[in-house]
Structures are given as C-alpha cells and as structure tokens.
Amino acid sequence: MSLKECYAAFEGDYEGVLSRLRSEKMVRKFALKFLKDTSYELLVSSLDEKNYGEAFRAAHTIKGVCQNLGFTKLGESSSHLTDALRDGWSEEAGTFLIQVKEDYEKTAEALRILEAEGEG
C-alpha cells in the first residue's frame, strides 16, 4: 500500500498534508507516529471513568492532530465529539463517539498496514 492509498483508505487529505509537510517521507514519518499517540486510549478510559473534562481534552487533541496530518474523516468526527463534550456527557456525544471509534479504527488499521509493508 502506498502512502497515497493509505490516505484514501481512511478518507484523508493526502495532497493537503503533502503540500504542508513538503515530502512524502515527512508525511509518512508523522502519520505513523499517530499509532503511538495515546489520546484515543485516554479518551476511552476517561469516558469509562466519567471524567468528561479529560475526555474533552483528549478528543480536542485527536482533532488537532488529525487536522495537522490531513486525517479528514477522523478529524471531522472528533471535532463533533469535542463540541458535544464541551459541557459534559450528552446523548449527542454518544452518537459522535461511535463515529470516532469507527473512524479511528479505520485510520489506525490503514496505518498499521502501511507500517507493516515498510517503505514500499
């Protein structure tokens, strides 16, 4: 899988991030670092603990990382979740959380495949 195909798999903005980071090598480097980011795990554990302030911060971090890396679909769903968590938990937040989970898994899976296939 090429980096461009990876971005297509999770509905990302490959051309946009490439224009910002200026080389495919840099895009790949930072995109794969996403797999080591713990914000998603913090989001899930904070919600399990009903710590909505921490969950809001985690969702906000995911949103920012996604905007910087051109992870469009996950960025949009995490943005909606961030807004929904601004004042604590709501039914709307639950709906957005389901979408964030789906988008995160799709993004992470494509990145894991890219990583496993090496530089090719």
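This is a predicted model: local features need pLDDT of at least 70, side-chain atom pairs count only at pLDDT 80 or more; totals for chains, interfaces and linings use all residues.
Close-up 1. A search of the whole structure turns up zero disulfides. The cut-off for a disulfide is a pair of cysteine sulfur atoms within 2.5 Å. Cys66 is likewise in no disulfide, with the sulfur of Cys6 as its nearest cysteine sulfur.

**Close-up 2. Burial of Cys6 and Cys66.** Are these cysteines buried or exposed? Cys6 has a relative accessibility of 0% and counts as buried. Cys66 is buried too, at a relative accessible area of 2%.

**Close-up 3. The buried face of helix α2.** Helix α2 spans residues 14-21, and Tyr14, Gly16 and Val17 are buried in this helix. Viewed down the axis of α2, the buried residues fall within an arc of 165°, so they line one face of the helix. What covers them? The cover includes α1 (3-9), α3 (24-33) and α5 (52-69).

**Close-up 4. Ser78 and its contacts.** Ser78 sits in helix α6, residues 72-85. With 1% relative accessibility, Ser78 counts as buried. Which residues does Ser78 touch, leaving out those up to four places away in sequence? The contacts are Ala59, Ile62, Lys63 and Val100.

Key
Residues are numbered from 1 along each chain as its sequence is written. Side-chain values use heavy atoms; hydrogens and water are left out. Buried means under 20% relative accessible area, exposed over 50%, partly exposed in between (1.4 Å probe, protein chains only). Helices (H or I, at least four residues) and strands (E, at least two) are DSSP runs, numbered from the N terminus. The arc is that of the directions from the helix axis to the C-beta atoms. Contact means heavy atoms within 4.5 Å.
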